[in-house]
Amino acid sequence: MTRPLRTVELGVAGNEASDLLPVRSPALLAAHGARRAFWTVLDEGSVEHCLALLIERYDGGWVTHHLPMDAGAENGRTEDGEALARYGEWIYVLGSHFGSKRGPLRPRRAFVARFREADAVVPVPRLHVVRNQFRLHRAVNDAIVAAGITVLPPGEQVRHRFIVATRDRGTARAKTWVSRLADNDLPVNVEAAAFTPAGTLLLGLRFPVTDRGEPIVVEVADLAGMFDRRTWPRVVGAYAVTGVTRPGELTGFRGLSSRDDGSYDAVIGSIDALGKGSVLLDEHPTGGDVTSRHVRFRWVAGQEGPVLAGELVSDLAPLHNVEGLTELDGSRYYVTDEDHRVALWIAVGDRHAAESDYPDGTLRG
């Protein structure tokens, strides 16, 4: 690890965390007596039960607040929330659009949800959930082809378990979304998201990756229109992030956040978790034992060509499971996905990060 980090040990409903997004609402911060706070999404359960706050109080201590929401008719109909992004007053939550480690793809994971951050001061805020029935899967696959990006071939077992088996299951159940799956499709695993100043959304994919093992990001337009059924999202660009993947490795996105200077910070790492029976890793074993890296790239409106040049900011080895990052008040924060715990990592040397340190580097939670 190129820069020492210190940890805050937390727990949220016996679950692990994905992504990290700073709270901006003064009312919400005040309601929790928070000096600063972050949203995270828990990846076990339906999305309305998987949002939580990681809160630093004014005395330097850290607490968590699990915040159940009400998704109305969509309660209990989603799973595997992975990414958070802010646009104006709205916080967006995205499902992975993927499946279990051995397939098939799961329609419950193909969702986008949103809520007004200021509304989170009430006990059970309203969460608007829209399941897209593989429309985004179709759009991402088509955009990667249109961009001319040469992808890593998924392998016959991956294709069979994630594409063929999903389509067969949908056909047997007379699902209309079957027509949105094609023989040569790649399974799409959404892990990260950040809005651009233009209002489009950059989605960081854990899979697919390029034939050189590089991570892919796609640009999505018209996301807000799906919430009143005016439009479905369109993918208007697909890009490979170059210069950040070691030779022989496969790296996908694990986290993404925007910066005030117009650039984007990202965490890249393995294409799937080790030791959990992943079909992806059966086919592509060099994509598993990959440590996390903090990288940076720049995207501009009207970006030409399918390549974004990236640079290394920090090597996060030996960590393998960093799932979110952000910068707030001059400090870097990372969150790791670990069984039954939440670990928030803060860069050493920042004034407020050191105020409640234990001598061993662990912070008070």
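What is the mean pLDDT of the chain, and what percentage of its residues reach 70 or more? This is a predicted model, and the mean pLDDT of the chain is 92, with 94% of its residues reaching 70 or more. The stretch over residues 350-365 has a pLDDT below 50. Beyond near neighbours in sequence, residues 350-365 have 41 contacts in the model. Where pLDDT is low, the predicted coordinates should not be read in detail.

Pro26 and Glu117 are 91 residues apart in sequence, yet their C-alpha atoms are 10.0 Å apart in space.

Helix α2 runs over residues 135-147 and has 13 residues. The expected span is 1.5 Å times one less than the number of residues. Buried residues of α2 are Leu136, His137, Arg138, Ala139, Val140, Asn141, Ala143 and Ile144. An α-helix has 3.6 residues a turn, so residues three or four places apart point the same way. Which elements cover the buried residues of α2? The cover includes helix α3 (156-172) together with the strands β11 (201-207), β12 (216-221) and β13 (234-242). Gly148 follows α2 and has a positive phi, near 80°.

Helix α3, part of that cover, contains Gly170. The relative accessibility of Gly170 is 1%, and because buried means under 20%, Gly170 counts as buried. Leaving aside neighbours within four places in sequence, Gly170 is in contact with Lys175, Trp177 and Val178. Gly170 and Leu181 are eleven residues apart in sequence, and the distance from C-alpha to C-alpha is 9.9 Å.

Ala174 is placed in the loop between α3 and β10 (189-195). Is Ala174 buried or exposed? At 66% relative accessibility, Ala174 counts as exposed. Its phi is near 55°, a positive value in a residue other than glycine. Asp80 also has a positive phi, near 65°, and is likewise a residue other than glycine. Asp80 sits in the loop between β5 (62-66) and β6 (81-87). With a relative accessibility of 11%, Asp80 counts as buried, whereas Ala174 counts as exposed.

Pro104 belongs to the loop between β7 (90-95) and β8 (111-116). The other joins Ala317 to Pro318, with omega near 15°. Pro318 is in the loop between β17 (307-315) and β18.

Helix α4 covers residues 279-283 and includes Leu281. The relative accessibility of Leu281 is 11%, so Leu281 counts as buried. Which residues are in contact with Leu281, leaving aside its neighbours within four places in sequence? They are Ile271, Asp272, Ala273 and Leu274, and also Gly287 and Gly288. Leu281 and Phe38 are 243 residues apart in sequence and 32 Å apart in space, C-alpha to C-alpha.

Rolling a probe the size of a water molecule over the atoms shows where empty space is left. How many cavities of 30 Å³ or more does the count give? The count comes to one, and the largest cavity has a volume of about 30 Å³. The lining of the largest cavity is formed by Asp265, His294, Leu325, Thr326, Glu327, Arg332, Tyr333 and Tyr334. Strands β18 (322-328) and β19 (331-338) are the elements that give two or more residues to this lining. By class, the lining has three nonpolar, two polar and three charged residues.

Notes: Residues are numbered from 1 along each chain as its sequence is written. This is a predicted model: local features need pLDDT of at least 70, side-chain atom pairs count only at pLDDT 80 or more; totals for chains, interfaces and linings use all residues. Side-chain values use heavy atoms; hydrogens and water are left out. On a 1 Å grid over the protein atoms alone, a cavity is a set of points where a 1.4 Å probe fits but cannot get out, and a pocket is an open set with protein on both sides within 12 Å along at least five of seven lines; lining residues have an atom within 4 Å of a point. Grid points are joined across faces, edges and corners, and a volume is the space filled by probe spheres set on the points. Helices (H or I, at least four residues) and strands (E, at least two) are DSSP runs, numbered from the N terminus. Ala, Val, Leu, Ile, Met, Phe, Trp, Tyr, Cys and Pro count as nonpolar, Asp, Glu, Lys and Arg as charged, and the others, Gly among them, as polar. pLDDT is the predictor's confidence in each residue, from 0 to 100. Contact means heavy atoms within 4.5 Å. Buried means under 20% relative accessible area, exposed over 50%, partly exposed in between (1.4 Å probe, protein chains only).
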